[in-house]
Amino acid sequence: MATTGLEDILEDTVVVILAAGKGTRMGRGGLPKVCFEIDGVPAINRVVAVFTEQSFARFLVVVGYGADQVRETIGEDHPGVMYVRQTPQLGTGHAARVAAEALRKQGHAGYVLVTMGDKFIEPQAVDALLAGFSEQEPDLALLSIPKTTATERSGGRVLADDTGQAIDIIERVDVARQAITDELNGAIAGGAEITGTAIRGVIDRHIPNPGKQGVAVAELLALAGGPGRIGKVQLEQVLQSRRYNLEIDGMRYSADQIEKSCTGINPSLYLFKSQAFYQGVAMIDNDNAQGEYYLTDVVRHLAAVKEPGCMRTFTIRTVPIDNPDWIHGFNSPDELLAIQDYLRRKKKTPAVSPGLGLKASRYCTVRRWIGKIENNTPELRCW
C-alpha cells in the first residue's frame, strides 16, 4: 500500500485544539482549565508548542469560558493562532462542530488533527499518530493507550471489530450506567425484593458523583424516591428502555462485555481526513448518560455509514502506543500534580529545586508566607 508522506500531512493539516471548558473540579474559580500551569507553563501553551515543534503551522483553538484570558495566554507565546468561540459550551462534540463550520468557511480540504487543551502530550505520541496514519491511510486514526488503573478512570473504552475497524468509544459513565442495569436485571432474575434503598445503593456504587447520577440515571432515582418495595413492572420498563442498554454496531453489550472487548483507552488525539471530520461531527447527538455532545461519538457514527453493498464508507483505525505517559489529561488538582510529578521525575531534579521553571511571583520569603497564611485569603484557600 502506498503511504502518504509525512511532509504532505504536516503541510496540509490544521490542528484543532478544544479549549472552551471551565474546569469546575479544579477548585480555582475564574481560571480557565487550559490556563492552569504545568511546571510553570500554561497547559494550552504546552499543547501548541509540542505541535509547533513537530512542524505543524496552522492552529484553530475553540474558546468559550474565559475566552479572552485563553487568547491572551496563548498569544504571549504563539501569536499566529486562529480562534473560534463556542457558545454555549455543550461538550466536545459541539466544540468540534463549531471548528468544522469555521474550517468549511475557509475552504479547508486537507487533514484535521484534533485534541484537547487540557493535555500534556509528549512528541512521541504525535509521532506515533502520524506514522500510523501515514502507513494505514484511514479516514480517521485515533491514538489508544493501554488500560491501566490510572487510565481507566477517565478515558473512554475503544472497541474494534474483527477486521481492526474501530466501531465505538464508550465513555466511562455510560459503562457505569450499563453496569447498574446489569446488576438490577440480575437481582430481578434472582427474585430479590427491590427497594428504593437497594437501587440507590447500586447507583452509588457505580456512579458516586451525585451530579452525574442526576443526569445519567434520573429515571431510576425517581423510582427510588422512597424506601419501600419497587414494582417489578415499573423497574423493568426503565431497564428495558434504549437509554439503559448499550448497543454497539447493532449488538447489545453488558458492561462486562464492554470491558473485555476494550482494545485500549482513548486519550483524545485524532487525525481526520477533512470529509470524515465534517460528516462525522455533523452526526453527533447527545444521546448518552451525561446528555452532552461527545466528540468520541464520531467513531460510532462514521463506522455506521455504509455503501449499498454493506461496505463501510469510512476506514477508522486505532494507533496503539505502549506508554501511557506520552499523553496525560487532567480533571482535578491531583491529576495535574501527577503530570508535574512525572515531568520532575523525568528531569531528575529535586521536588523543591529553584530550577522548576516557576515564575518569580511564586517565590516568597518565609516571613511573607507566614503573612499570607495568617491572612487566609480566598486565593490562598484555592491553592
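Predicted model: local features only at pLDDT ≥ 70, side-chain atom pairs only at ≥ 80, totals over all residues.
Is D249 buried, exposed or partly exposed? With a relative accessible area of 40%, D249 counts as partly exposed.

**Figure 1. The whole protein, before we zoom in.** The fold holds 16 helices and 16 strands. Its radius of gyration is 23 Å, close to the 21 Å that the globule rule gives for 383 residues, so the protein is as compact as a globular protein of that length. Taken along the principal axes, the C-alpha atoms fill a box of roughly 65 × 65 × 40 Å. Of the 383 residues, 47% are buried.

**Figure 2. A buried pair, R344 and D39.** Here R344 and D39 form a salt bridge, with 3.7 Å between the closest N and O atoms. R344 belongs to helix 14 (residues 333–347), while D39 sits in the loop between strand 2 (37–38) and strand 3 (41–42), so this pair ties together parts that are 305 residues apart in sequence. Both partners are buried. Look for K347 as well: D39, R344 and K347 are linked in a network of salt bridges.

**Figure 3. R243 meets E219.** Side chains of opposite charge can pair when their charged atoms come close. R243 is in the loop between helix 10 (232–239) and strand 11 (247–248) and E219 is in helix 9 (residues 218–223), so the bridge ties together parts that are 24 residues apart in sequence. R243 is partly exposed, at 26% relative accessibility. E219 is partly exposed too, at 32% relative accessibility.

Figure 4. The loop between helix 13 (297–304) and strand 15 (316–320) carries R312, and the loop between strand 11 and strand 12 (251–252) carries D249, so the pair ties together parts that are 63 residues apart in sequence. R312 is partly exposed, with 23% relative accessibility. Take a look at the backbone of D249 too: phi is positive, at about 50 degrees, although the residue is not a glycine.

**Figure 5. Backbone details at S55 and P88.** S55 is not a glycine either, yet its phi is positive, near 80 degrees. You will find S55 in the loop between helix 2 (43–53) and strand 4 (58–63). For the other backbone detail, turn to T87 and P88, which are joined by a cis peptide bond with omega at about -10 degrees. P88 lies in the loop between strand 5 (82–85) and helix 4 (92–106).

**Figure 6. A patch of positive charge.** Which residues gather in this patch on the surface? They are R25, R153, R172 and K212. One of them, R172, is found in helix 6 (residues 172–189). R172 has a relative accessible area of 44%, which makes it partly exposed.

Conventions:
Residues numbered from 1 in each chain as written. Heavy atoms only, no water. Patch = residues over 30% accessible without salt bridge, like charges linked within 9 Å, V, L, I, M, F, W, Y side chains within 5 Å. Areas by Shrake-Rupley, 256 points an atom, 1.4 Å probe, with all protein chains shown as cover. Salt bridge = Lys/Arg side-chain N within 4 Å of Asp/Glu carboxyl O. Lys, Arg positive; Asp, Glu negative; His and termini not counted. Charge placed at Lys NZ, Arg CZ, Asp CG, Glu CD. Helix = DSSP H or I, 4+ residues; strand = E, 2+ residues; numbered from the N terminus. Buried < 20%, exposed > 50% of the residue type's maximum accessible area, 1.4 Å probe, protein only. Rg over C-alpha atoms; globule rule 2.2 N^0.38 Å.
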